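Open the model in your viewer and keep the selection panel at hand. We will go stop by stop.

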Amino acid sequence: MSGTTLFGLCAAALVGLGLYGLICQPGALRKILAFNLIGSGVFLLFGVIAQRGGGVLALAGTGADGDPVPQALVITGLVVAFAATAIAVTLLVRLAETSARGTLEGDEPPAPESSDARRT
Amino acid sequence: MTSALVVDAALVLLVLGLALWITAARAAYGAAVGFVAYGLLLTLVWVRLAAVDVAMTEAALGSGLTGLLLLGAAARLAPYEADEHRRRPGTVLRVLVGVLCAAIAAGLAAVVLLLPDPAPSQALAVAAHLPATGLGNPVTGVLMAYRAVDTLLESVVLVPALIGVWSLSTEMGWGGRPGFLTPCRSGSALPLLARVLPPFGILVGIHLVWAGADDPGGKFQGAAVLAAMWILVMVAGLREPPPVSDRLMRFLLVVGPLCFIGIGAAGIRLAGAFLAYPEAYAKPLILAIEAGLTISVTAVLGLLLAGPPVPEPQYQRQSRRRS
């Protein structure tokens, strides 16, 4: 088994682990963390495919780099993932400030919505 | 070969161990600390996968800036964490979810093991056409020429993301300064660091952008380093974040995408397609877009971390309380 395959299996495990955290963790911040785990697993799968795709370069004798197309997509993905995480975290902090909870369940009546909570 | 495999296996075990910690840690703050270390280990994995450009982005963005964002949120949300543990799903449900997630992971692992050999690849096509762009780094070539639409949409999508964050301010807060990054206590070492480090950090960031044309690096990596320096200065309290109503700041946020769209539209006339570059000027045009995007991405990343604006009195109170 090559190192690349090993990283591929690692990526698969990361996706499974992240999915478990996303479903089973009650705290919304933990869900965001778990979602980032899934994302990094998917990016890593792209990296494995890029590394395998670089094999033709090695055969052609022009270098040992990976396939640049999936790599460029991962860079794009990382930036967008950061922006999405920033929005999610900001939404969550605002939710906690206005309703004094850090979970997404709506079974309890929310604390009286007030803009005073933010000012005090 | 085998020693490399041992290193890879150890790396994989460390990554999986940290991922387990992130999922299972009791406090969100501990999990966020784990996430920073996890990002740094992933950086090593990317280097092992011969993707140095991605490794730099992962270190600066995935580990550094995302880590800072999550640490800040964990600290703010800590008071509400106690009642989360009550809401944990029951054991049976957790086992069921665990089995199903393991099945998904096993399915993905099977896909990895059954990938076609030889692998399909665009690497030769990219290498064959790279000289036409005047660039030496194939990843930059893909980002700026062959898949320029992706990069354009990505740089544009950052602006609505920031608008989304800003629109979470209270009514009173609109037009004020972003409130997430309140200055640290005086007397800590951070202000000294924020005076010494940025000159070097800014140099490194600009070098990454400039060198990205031919060597690993590029605008996103450079912009992440530059944004980190700006955030360091804001957290240390040496400079306040600009108010969101600041017109110059708003112009800097959109100058990169505007530059990209403008040059792309000119391509319709000069080279026959949107985002096509006339061959003689490909390199200078790409450098101009990269410079504009660096400015905009730096500003967006810094302001995304700085959070929604708060009313001026509250901002002053927060700063006083912490200093």
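How many helices and strands are there in chain B? Select chain B and colour by secondary structure: there are 12 helices and two strands. Bear in mind throughout that this is a predicted model.

**Stop 1: chain B as a whole**

Walk along chain B from the N terminus. The elements run α-α-α-α-α-α-α-β-α-α-α-α-β-α. Now zoom out. Along the principal axes, the C-alpha atoms of chain B fill a box of roughly 60 × 55 × 35 Å. Chain B has 323 residues, and 44% of them count as buried.

**Stop 2: the domains of chain B**

Colour B 1–78 and B 135–323 separately. The domain assignment makes these domain 1 and domain 2 of chain B. Their C-alpha centres lie 23 Å apart. Next, look at where they meet. Here 11 residues of domain 1 are in contact with 14 residues of domain 2. On the domain 1 side, seven of the touching residues are nonpolar, three are polar and one is charged.

**Stop 3: the core**

Show both chains and select A:Leu33, B:Leu65, B:Ala224, B:Leu304 and B:Leu305. These are the residues with the most contacts inside the largest nonpolar core, which has 127 residues.

B:Leu65 is itself among the core residues with the most contacts.

**Stop 4: two loops with positive phi**

Go to the loop between helix H2 (28–48) and helix H3 (52–77) of chain B, and pick B:Ala50. B:Ala50 is not a glycine, yet its phi is positive, about 60°. Is B:Ala50 buried or exposed? The cut-off for buried is 20 or more other C-beta atoms within 10 Å. B:Ala50 has 21 C-beta neighbours inside 10 Å, so it counts as buried.

Now jump to the loop between helix H10 (247–270) and helix H11 (282–306) of chain B, where B:Leu275 sits. B:Leu275 also has a positive phi, about 70°, without being a glycine. B:Leu275 is buried because 21 other C-beta atoms lie within 10 Å.

**Stop 5: helix H2 of chain A**

Switch to chain A and select residues 28–53, which form helix H2. How far apart are the end C-alpha atoms of this helix? Use the distance tool on them: they are 37 Å apart. At 1.5 Å a residue, the 26 residues should span 38 Å, so the two values agree. Next, colour H2(A) by burial. Of its 26 residues, 23 are buried, so the helix is largely enclosed by the rest of the structure.

**Stop 6: where the chains meet**

Finish with both chains on screen. The contact takes 76 residues from chain A and 85 residues from chain B. Highlight the chain A side. Helix H1 (3–24), H2, helix H3 (55–60), helix H4 (68–99) and helix H5 (116–119) of chain A each supply at least two residues to it. Which helix gives the largest share of that side? Select H4(A): 22 residues come from there. Last, colour the chain A side by residue class.

How values were computed: Residues numbered from 1 in each chain as written. Chains lettered and ligands numbered in written order. Predicted model: local features only at pLDDT ≥ 70, side-chain atom pairs only at ≥ 80, totals over all residues. Helix = DSSP H or I, 4+ residues; strand = E, 2+ residues; numbered from the N terminus. Expected span 1.5 Å × (residues − 1). Buried ≥ 20, exposed ≤ 12 C-beta atoms within 10 Å, placed from the backbone. Contact = placed C-beta atoms within 7 Å. Domains from an automatic or database assignment. Nonpolar A, V, L, I, M, F, W, Y, C, P; charged D, E, K, R; others polar. Core = buried A, V, L, I, M, F, W, Y, C linked by C-beta atoms within 7 Å.
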